[in-house]
Structures are given as C-alpha cells and as structure tokens.
Amino acid sequence: MEKMGKRFQGKVAIVTASTMGIGYGIAERLGLEGASVVISSRKQKNVDEAAEKLRARGIEVLGVVCHVSNEQHRKQLIDQTIQKYGRIDVVVSNAAANPSVDAILETKESALDKLWEINVKAAILILKDAAPHMQKGSSVVLISSIAGYQPQGSMAMYGVTKTALLGLTKALASEMAPNTRVNCVAPGFVPTHFASYITSNKAIRGAIEERTLLNRLGTTEDMAAATAFLASDDASYITGETLVVAGGTPSRL
Ligand code: NAP
C-alpha cells in the first residue's frame, strides 16, 4: 500500500454509506491514493470510528452523518465538504437498502418506496446538490450490483433498482458531459454485513462461488480498485459505462 500511486492527490472525494463494507474500502483506497475523503453514514458512532481508522492510515478525512434519504443531511454533507475543502472532484454513490425478501408482487408499498428512495432517488438528489461544485475533470461512480443484470429470487426488486442505476449512469453521463464523467460499478457478491444473509449461508455461498469463473466471492478491495480506476484520470475517455466486477459471474455480453 505504501508504494501506491497518487492519482487523487489534491482531489476531494465524497463516498456515501462509507463507514463499513464496500464504501469504506472505496474511501480507504481513494484516500491512500491521495484524496481528501468525505465519509458518511447514518450513525455518528460509525462515522467517528471509521474516520479514526482512516486517519490512522494517514488519510485526510472529514466525517459527516448523512442518511441519504434525509434532505437536511444531504445538504450538510455537501456544505461541510465545501466549507472544509472548497471543491468536489469525485462522488461515489454507494448507499442501498434491501428492506424486503418478498416476491415483487408481494412487496409492501412502503418497502417499494424505500427501495426507490434510497437506491435510486437519493443518488440523484445527492448529485443534484453536488453538481454545482463539480468542475472539469470531475467524476461520479454509482454502485449498482450484478443483481441489476439478473433480478431474481429474494432480491428481485432490489435488483430492479440496481438495473435502474445502469440507465441512470447512461442518462447522467450525457447530462453531465463534458465536464463530469459518470460511470458505474456492478459488484458481485462480497461478504459484508449487507450481504451476510446470503454469504453466511454455506450452501448459497457455495452455489454463488460455483457460478463465478474465478471461484470465489469478491472483496471490498476488488470493488475499491475498480471504482478508483473509473474515478481517476486513467479512465478519462470512459463515461456512461458499467464495469462488472463479479469474477466472471454471467451478466451481459
Ligand atoms: P455494508 O457493508 O452493510 O455497509 C453499509 C454501509 O452503509 C454502512 O457504512 C452503513 O452505516 C451505511 N448505510 C446504510 N444505510 C444507509 C443510508 N440509508 N444512508 C447512509 N448510509 C447508510 O454494505 P455493502 O455490502 O458494502 O454495500 C454497499 C453497496 O454495494 C450497496 O449499494 C450494495 O447494494 C452494493 N452491493 C453490495 C454487494 C455485496 O455483496 N455486499 C453486491 C452488489 C452490490 P450506518 O449503519 O451507520 O448507516
């Protein structure tokens, strides 16, 4: 890690839902590559602990409480970032909820609303607040899912919201061009808290590994590396794309 390149030196990166799991891994990676990172999640304690861990690795970090579906929190996230750093170069929209394991037609209206609000609408609203502060060369990465390509089983409606992010990536890439690139990462299964109801089940985990060409689950570092690439100038001619990071799990041609 010490010898890592510094693609984000002098840059400011906001990562939502970043006090653990994939979001934390992304914040850590961007920070180790020189970014000042703004981390956030719903709970102050989680924000404080994650910020401390990142500082211990020599990363410049600002921690803000932000439940992504709370308008005031979103405003504070952007305002505090601008107050402290004066610019936004990268936004990674990583928050998601999966409040129901029911079939789509059995899912309560309140759960459908929550899925839309957190997984899709909040991403749009955060970018709406951030966009006025993003200049030429800036970049957005949305975190979708392999489930967006094949919405099925107990995750079907969650998958559909992740499919929406594939379309949102294309639409926003066009809307935010040419100054801001917008891309997307579609992770395969990563054994985080979010996925634990799947990955901690031995039989399901085995089945997932079996249909993954590389025969293993993903890691937060795998997702962070792909996100950092898309957010960096190494991807300066790439916009509107989704990178599937799922070890060869069937997705699209
Ligand atoms: P995770 O390890 O459970 O971490 C979730 C993080 O989000 C925590 O920091 C949590 O902190 C925060 N959070 C939860 N709800 C929030 C909200 N409404 N507003 C703000 N922060 C919130 O989850 P993960 O597996 O890393 O998932 C991250 C993203 O990857 C999601 O978009 C998910 O759909 C996607 N993904 C995950 C997998 C997988 O297998 N893990 C696969 C494909 C895609 P607080 O509790 O303090 O809020």
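Rings of Phe, Tyr and Trp (its six-membered ring) count as a pair if their centres lie within 6.5 Å. Keep that in mind for the first close-up, and note that this is a predicted model.

**View 1. An aromatic pair between Tyr158 and Phe194.** By that rule, the count comes to one aromatic pair. Its partners are Tyr158 and Phe194, with 5.7 Å from centre to centre and 50 degrees between the planes, so the pair is tilted: planes under 30 degrees apart would be stacked and those over 60 edge-to-face. Tyr158 belongs to helix H5 (residues 156–176), while Phe194 sits in the loop between strand E6 (180–187) and helix H6 (196–199), so the pair ties together parts that are 36 residues apart in sequence.

View 2. Phe194, with a relative accessible area of 38%, is partly exposed.

View 3. Look around the ligand and you'll find 29 residues. The closest are Thr19, Ser41, Asn94, Tyr158 and Thr192.

View 4. Asn46 brings a polar side-chain atom to 2.8 Å from a ligand oxygen. With Val190, it's a backbone N or O atom that lies 2.8 Å from an oxygen atom of the ligand. On its own the ligand exposes 900 Å², and the protein buries 94% of that.

**View 5. Lys53 over the ring of Tyr24.** Here Lys53 lies over the face of Tyr24, 4.4 Å from the ring centre.

Technical notes: Residues are numbered from 1 along each chain as its sequence is written. This is a predicted model: local features need pLDDT of at least 70, side-chain atom pairs count only at pLDDT 80 or more; totals for chains, interfaces and linings use all residues. Side-chain values use heavy atoms; hydrogens and water are left out. Helices (H or I, at least four residues) and strands (E, at least two) are DSSP runs, numbered from the N terminus. Buried means under 20% relative accessible area, exposed over 50%, partly exposed in between (1.4 Å probe, protein chains only). A charge sits over a ring if NZ of Lys or CZ of Arg is within 6 Å of the ring centre and within 35 degrees of the ring normal. A residue is near a molecule or strand if one of its heavy atoms lies within 4 Å of it. A polar contact is a pair of N or O atoms within 3.5 Å; within protein, one must be able to donate a hydrogen and the other to accept it, and residues adjacent in sequence count only if both atoms are side-chain atoms. Accessible areas come from the Shrake-Rupley method with a 1.4 Å probe; for residues, only the protein chains shown count as cover.
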